[in-house]
Amino acid sequence: MAIEASPSTMFSPWPDRLRHSAIILLAAGLALAALVFFGELSPVRAGIVFVCIAGAALVPWRLHDVVTARDEALAANPVEAPAVRAIIAGIPDPAVLLDRAGRVIHLNAAAAQLAPALRKNELAQFALRSPEIITALRESIATTEPRRATYLDHVPVDRWMELMITPVPVPTAFGGTDTCMLMTFHDQTPLRRVEEMRADFVANASHELRTPLAALSGFIDTLQGPAKDDAKARERFLGIMHAQATRMARLIDDLLSLSRVELSAHVRPDTLVDILPIIRQVGDGLEPLANERNVRIEMALPETPVSIAGDREELLRLFENLIENALKYGASGGKVDVSLTTESTSEGVPEIRVAVRDYGPGIAPEHLPRLTERFYRVDVGDSRAQGGTGLGLSLVKHILNRHRGRLLIESVPKNGATFTAAFPQVKTPPAPPVSAAS
């Protein structure tokens with residue numbers, strides 16, 4: 001409701017003022033009467049003093065507060081209104097509203113998560129240090145024209161972001177117009193991932209499928225020609241062709257799995273998963289392979305559940321690759337150890353570590369840095385003979401990156417190798433206190 005300093009509102013509170021000032025007027029009247037009675041003050045002067053005191057007591061001093069409140073209401077910035085704050089908070093993408101100087105007026109929760117250094121009433125340039133952002137923001141402020149910028153955010157994982165800066169004219173308290181800057185961020189990572197996935201898949205598939213396809217084509221020509229009536233050669237060639245077809249199927253499966261993981265690498269899983277049943281399920285599934293290689297799988301796992309934020313299917317693939325590699329390439333050791341421990345990093349951050357150790361020939365130090373590269377093999381012939389595609393550890397690395405974990409590799413030639421998947425420990429909220437029964 002508007003406040004108007006009209007005569008009706010000015011004099012309407014006078015009865016209330018008279019009632020509140022009665023004690024003051026009574027005390028002043030008694031004091032002045034006493035002074036007149038004792039001859040200290042003439043009646044005329046006493047009357048003048050009483051009129052002054054009464055006027056001071058009855059003057060509507062609250063009019064000053066009304067004018068001040070009205071001036072403050074007019075001087076308030078309309079952009080600070082709760083409605084504007086609610087609109088910015090309701091934008092699904094990260095959004096920040098700035099004044100002409102680049103100070104933050106409002107930001108939503110998505111923007112606070114994207115750039116935790118953003119603070120209200122502080123310059124956005126100090127929190128958004130990307131050169132592309134700063135350049136676009138300065139140009140938009142200087143010209144009051146829209147600007148667009150694309151940049152790569154490396155923390156915590158690589159994300160391609162598109163920034164749009166839109167000047168927004170807003171009314172001022174005194175009838176004028178000012179300009180604010182609305183910054184909105186759009187995540188372009190899924191589109192970029194799809195493009196890269198398509199290009200990588202075509203390149204990798206064409207490269208790795210060339211050899212088995214050439215072998216299949218050669219054997220088919222042989223079976224249709226010289227070995228057409230040779231039953232022994234036909235059986236041998238069909239066995240080789242089956243192995244090559246199986247290898248191609250595994251290769252396609254690994255490439256598709258790797259592409260899916262890379263596509264969602266920027267999205268961290270948020271579902272709590274108990275990894276102990278997953279590890280035991282993988283061990284049981286690989287028991288036939290272990291028996292075939294005369295290797296025993298020994299597990300040292302805790303009895304209580306161990307939960308992490310993860311994707312169950314991806315974790316199955318991760319542990320399957322690690323244990324299967326140990327069974328294939330460390331079979332000469334006769335044993336594979338799988339253990340789970342909780343340790344802290346050098347920075348004191350607790351981790352859940354699942355270690356897979358074999359007792360095979362080990363890996364030379366010069367190969368360790370490149371083991372997670374696509375199609376990298378320590379021994380190409382042995383890897384292909386074992387049915388490997390060269391993508392297993394690369395897939396393990398990408399799954400761990402998506403889970404914000406890391407892969408630790410330790411190996412000494414002739415003394416086996418240890419591959420450790422380290423996951424960040426889930427912060428569980430403290431249990432509520434249990435009150436004693438009365």
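Trainee: Which side chain meets that of Arg406 in a salt bridge, and at what distance from N to O?

Mentor: Side chains of opposite charge can pair when their charged atoms come close. A salt bridge here is a side-chain nitrogen of Lys or Arg within 4 Å of a carboxyl oxygen of Asp or Glu, and the side chain of Arg406 meets that of Glu351 at 2.8 Å, N to O. Arg406 lies in strand E11 (residues 406-411) and Glu351 in strand E10, so the pair ties together parts that are 55 residues apart in sequence. Strands (E, at least two residues) and helices (H or I, at least four) are DSSP runs, numbered from the N terminus.

Trainee: What should I keep in mind about the model and its numbering?

Mentor: This is a predicted model, in which local features need pLDDT of at least 70 and side-chain atom pairs count only at pLDDT 80 or more, while totals for chains, interfaces and linings use all residues. Residues are numbered from 1 along each chain as its sequence is written, and side-chain values use heavy atoms, with hydrogens and water left out.

Trainee: Are Arg406 and Glu351 buried or exposed, or something in between?

Mentor: Buried means under 20% relative accessible area, exposed means over 50%, and partly exposed lies in between, with a 1.4 Å probe and protein chains only. Arg406 is partly exposed at 33%, whereas Glu351 is buried at 7%.

Trainee: Where do Arg353 and Glu343 lie?

Mentor: Their side chains meet in a salt bridge of 3.2 Å, N to O. Arg353 is in strand E10 (residues 350-358) and Glu343 in strand E9 (residues 335-344), so this pair ties together parts that are 10 residues apart in sequence. Arg353 is buried at 14% relative accessible area, and Glu343 is partly exposed at 37%.

Trainee: How many salt bridges does the structure hold, and which residue does Lys328 meet in one?

Mentor: The structure holds 12 salt bridges; in one of them, the side chain of Lys328 meets that of Glu324 at 3.0 Å, N to O. Both residues lie in helix H13 (residues 312-329), four residues apart, which is about one turn of the helix. Lys328 is buried, with a relative accessible area of 9%, and Glu324 is buried as well, at 11%.

Trainee: Which residues touch the most other members of the largest nonpolar core?

Mentor: A nonpolar core is a set of buried Ala, Val, Leu, Ile, Met, Phe, Trp, Tyr and Cys residues joined through side-chain atoms within 4.5 Å. Of the 56 residues in the largest one, Ile275, Leu318, Phe319, Leu327 and Leu340 touch the most other members. Leaving aside neighbours within four places in sequence, Leu318 is in contact (heavy atoms within 4.5 Å) with Val396, Ile399, Leu400, Ala421 and Phe423. A second, separate core of 22 residues includes Leu128, Leu137, Ile141 and Ala149.

Trainee: Which strands are joined to E1 by bridges?

Mentor: Two strands pair if DSSP finds at least two bridges between them. Strand E1 (residues 95-98) runs antiparallel to E5 (residues 177-187), to which four bridges join it, with Leu98 opposite Met181. Three bridges join E1 to E2 (residues 104-107), also antiparallel, and Val96 stands opposite Leu107. E1 and E2 form a hairpin with five residues between them, and Gly102 in the turn has a positive phi of about 90 degrees. Both faces of E1 are covered, with Ala95 and Leu97 buried on one side and Val96 and Leu98 on the other.
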